[in-house]
Amino acid sequence: MSRTILLLDIERFSDRDDVEQAYLRRMLYDVTDRALETAGIDETLRTRADRGDSVMELIDANAPVTALLRALLTEVPVQLRAMNRMASRSAQMRLRGVVAGGYVAVDDLDGWVGSDLNHACRLLDAALLRAALRERPDDFALCVSDSVYQGVVRHDHPGVPAADFHQVTVGTKNGPLTAWLHGPVPPAGEDHGERGAGEAPGGSGDRPAPAAPETTGTTRDTEDTRNRPAPAAHRGAPAPGPVLDVNGGSVSFGGGYVAGDQHGVSGGRVTGDVVMGSKTVHHWTFPGLSTAASASGEIPPTTLTRLAATFVTADDAFGDLVERLRRERVLVLSGARFTGRRTAALMLLHRLGAAPVVALDRATTPGSLAEAFTARDDTPDGTTDRTGAARGYVLCDLETRRGSALRETHLLGAADRLAEQNAYAVITVGPTAVLEDDVFPFVWRPPATEDVLAAHLRVRAGEDAVPRLLGLPAVKEFLDHGHQPREVAAFAQLLGRYAEGGATEQEVASFSLVSLENQVREWFEEDETTVHLRDKAFLIALAAFDDGPYALTAELGDRLYDFLQQTQNRSLAADIPVFGTHIGKRLQLARARLSEGEEHTEWGPVTQTKAAFHDERASLVLLREVWTGHPSARPALIQWLRRLAEDGRPLVRTRAASTVAVLARTDLPSAMALVIEPWARSNRFRHRLVAVNSLTLAHHIGTPNVPRILDTWSAAEDRRLRWVAVRAYALIGPERPAQALAALRAAARELYRHAGDPDEFDVETAGELAEAVVLLLLSPASSEVLDDLRTHLDDDRAVHDLAVGGFIGACGRTQDDERHGVPLVLDWYARAATDENRAADGIAHLWREALGDPHHTTSALAAMRAWVLAADRSTAVEWALAALLPRLVTTPTEYQRLSHLLHTMPGEDGNPPPEVAARLLGTLPPR
């Protein structure tokens, strides 16, 4: 299995006495837990091994490595500095750390094996890392493997500066290992091994670590491993255990008892620590021990105290839950991941005064619940704890499935066993857990984000600093994005460092987006048992259809799921369940919400149930992550987008375009080659239109080089590319009207090279060119466009036709595209004339050109007839037209043309001429 490996080792641990070692081990666990919690790595995502003076964590490969490194570089030094400042010289703790990655196997004896794990251990024990810590002014030295550096560190994530890591080579018995050391590299040529007399630099406050005791002689009896007790097999103070000590080919046995029992090796069992050589501590579990017991661990009291200091609830229901747990002995909490379920479970037990609190293995089955609450904490004589305090058990994310559902009988059996032991248990389950109808979980909902943040800040920065920190603009923005409790806790740690001057404003401002990126990464790095492929397909569909109809999103998500299945294994037939995950559970996973809203359709607005991410940035971040972070998903995604472009629903095609625009912003060359250009070269109108919209939207969200693409395509031999370019220019033109009109003129001239050959003349592109001018004339850049058209009106025939045809088309547009609406150009003229704007002259000039050009006279008169009919229905239109008509008559020919129109035009639908025609005729100056 692929795991991230974290190793932390205490410097000069063997030089301390038993009391000091016990204290240092507790502090090591506390520092490790705090760092992992800061990184947002839940206990369910990691497995721990106790190595005596060090700790080993195997972390789920889907957990964010960036957050882990950031916590190690920031949180661990702060904790060590605070702890050492108050500690005596002999109780100071300085740590070496290693972060690596790779495959780790579990053997038949539940041991961990693998070359990647071996390499990580050798980095931890390397003389170079020891020397680095010896020369550090602070209390922590970190080294990462080459794979971690190449995959994470070198990308220079916030809080993990790549420039601070230096490449080193560590010699091992299997050859040199390449690694990366954080901070200065110590000088070579000196033996920096841990053994030997002398003092290391002290911890915080310049207090040196204790010197190693002097040794005499060279026999095995002088080895410090002979005299130190074996570390404990689980959390808490160390306890003696059986020790197998192998040194120089000789073997000795040490230790006296194991949890009150002593067993021979032959035919019995060995528990506790087996120490091989002078350093490496291995844990062996032989058959015969309870699986539940061996996989459980006690929650440190310091962890419970720390959680209690920052725990807040959404309402008064928590008190009722405490009483319910007191009555029923066992309670089930249901909720989405990372909503604080585990913390709530621990706090329920804490409120009852339970001690100790034991975390059970999540692999515990519903049928073995009662058995799980047994042997682990029994005293040697088989009785329960005699301190008088009730014990607590917490089981996070109980694994259930069809055929192994959690039933009431399981809970009743567990409650009986808990009552016998004077104990309580809280079980947390996810929204997809399989529960029988007779199990009634409490649905846990996290408290308000601001309340959680304030509680953490009171502890981290003090009561007086809370209002100031909450008032920071970056904090307000963070609170607006609905972050999870784990992210809030990490943000509070960052704000605490900011208040102390240890973090920058930029780190605070970027934290929200970094957290969102980490969440998205987690979704797609999780295996199928945690986030099913169908749910991942839904997340992608939701990103494409954010704030769109939920039913449509789910439908198209299943279509994407089909393509993803085929990409993953073409030999399998598509398997889409007809009835799957409930809408509420899907939205919990996606951190999304439902709302009722109007959706515009070709039949008018329709009220629909919509789904949207709580964080409006999620869709862009998610699409970027899928496109660039998971290239193997591209074939399925491209097939899906092509299918969307063929859909008969305009909304689907529009969302396909917006999705591709985001992909183009992320990786323009790939989006162009794989999606946009194939659409642009398609013979289907729908495909080309989606290409137009994709390029336009990509330009609007800041994608570079889109105008350059359109310039190239507007002069292409392929008429389909020219069509796309012209249409796109019409949409992006208002931002750069001069460049857009220049490109349109060039396209028109190219088109007119074939004007003499009807078979070669591209009528469709000619229509698109005129439509582009229409849209530009009616855009916010209308005045600039009008001036440009007037300036170049007489350049040549192609440009003249482009300008006049576009102007006539714009005259046919009405407000809201209503059949009897106010003509937009006439309304523009009325405003310009009132303000004495030169646009009024430009509109009159183009009208005269249109009416006087034989190629356009017919269509121009048709547009003027529509304006007269509009004037018959609106006094405002009549007044505007009455002001314009006199400016269109400068010659007898112009007078005859307009007077003839007003004398002879019929009314609407064949009715008699409108009365307004006679009134308007009176406004024409005779010639």
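The model is predicted. The chain holds 37 helices and 22 strands. Of its 927 residues, 51% are buried. Among contacts with a separation of 6 or more, 71% link residues 24 or more positions apart. The count of salt bridges comes to 49.

**Salt bridges: Asp-9 and Arg-96**

- Asp-9 and Arg-96 pair through their side chains in a salt bridge, at 3.0 Å from N to O.
- Asp-9 belongs to strand S1 (residues 2–10) and Arg-96 to strand S4 (residues 95–103), so the bridge ties together parts 87 residues apart in sequence.
- Both partners, Asp-9 and Arg-96, are buried.

**Salt bridges: Asp-15 and Arg-12**

- Asp-15 forms a salt bridge with Arg-12, and their closest N and O atoms are 3.1 Å apart.
- Asp-15 has a relative accessible area of 16%, so it counts as buried under the 20% cut-off.
- Arg-12 is buried too, with a relative accessible area of 2%.

**Salt bridges: Arg-919 and Glu-878**

- Arg-919 bridges to Glu-878, with the closest N and O atoms 2.8 Å apart.
- Arg-919 sits in helix H37 (residues 915–921) and Glu-878 in helix H35 (residues 875–884), so this pair ties together parts 41 residues apart in sequence.
- Arg-919 is partly exposed, with a relative accessible area of 43%.
- Glu-878 is buried, with a relative accessible area of 17%.

**A salt-bridge network**

- Salt bridges with shared partners join Asp-9, Arg-96, Asp-125 and Arg-130 into one network.

**A buried arginine without a salt bridge**

- Arg-136 lies in the loop between helix H4 (127–134) and strand S7 (140–145).
- Arg-136 is buried but has no salt bridge.
- Apart from neighbours within four places in sequence, Arg-136 contacts Arg-94, Ala-141, Leu-181, His-182, Gly-183 and Pro-184.

**Helix pair H22 and H23**

- Helix H22 spans residues 634–645 and helix H23 spans residues 650–666.
- The two axes come within 8 Å and cross at roughly 145°.
- The crossing of H22 past H23 is left-handed.
- On the H22 side, the contact uses Leu-637, Leu-641, Leu-644 and Ala-645.
- On the H23 side, it uses Val-652, Arg-653, Ala-656, Thr-659, Val-660 and Leu-663.
- By class, the H22 and H23 contact comprises 8 nonpolar, 1 polar and 1 charged residues.

- Trp-713 is part of helix H26 (residues 706–714).
- Trp-713 is buried, with a relative accessible area of 7%.
- Trp-713 and Trp-723 are 10 residues apart in sequence, and their C-alpha atoms are 8.5 Å apart in space.
- Beyond neighbours within four places in sequence, Trp-713 contacts Met-672, Ile-676, Glu-677, Ala-680 and Leu-695, among others.
- Its contacts also include Leu-721, Arg-722, Val-724 and Ala-725.

**Backbone: a cis peptide bond**

- Ala-355 and Pro-356 are joined by a cis peptide bond, with omega about -5°.
- Pro-356 lies in the loop between helix H10 (341–351) and strand S16 (357–359).

- Asp-817 is not a glycine, yet its phi is positive, at about 55°.
- Asp-817 is in the loop between helix H31 (797–811) and helix H32 (824–834).
- Asp-817 has 65% relative accessibility, so it counts as exposed.
- Glu-836, another residue other than glycine, has a positive phi near 55°.
- Glu-836 is in the loop between H32 and helix H33 (839–852).
- Glu-836 is exposed, with a relative accessible area of 74%.

Notes
Residues numbered from 1 in each chain as written. Predicted model: local features only at pLDDT ≥ 70, side-chain atom pairs only at ≥ 80, totals over all residues. Heavy atoms only, no water. Helix = DSSP H or I, 4+ residues; strand = E, 2+ residues; numbered from the N terminus. Buried < 20%, exposed > 50% of the residue type's maximum accessible area, 1.4 Å probe, protein only. Lys, Arg positive; Asp, Glu negative; His and termini not counted. Salt bridge = Lys/Arg side-chain N within 4 Å of Asp/Glu carboxyl O. Contact = heavy atoms within 4.5 Å. Axes fitted to C-alpha atoms, helices over the stretch in contact; angles between N-to-C directions. Left-handed = near helix turned anticlockwise from the far one by under 90°. Nonpolar A, V, L, I, M, F, W, Y, C, P; charged D, E, K, R; others polar.
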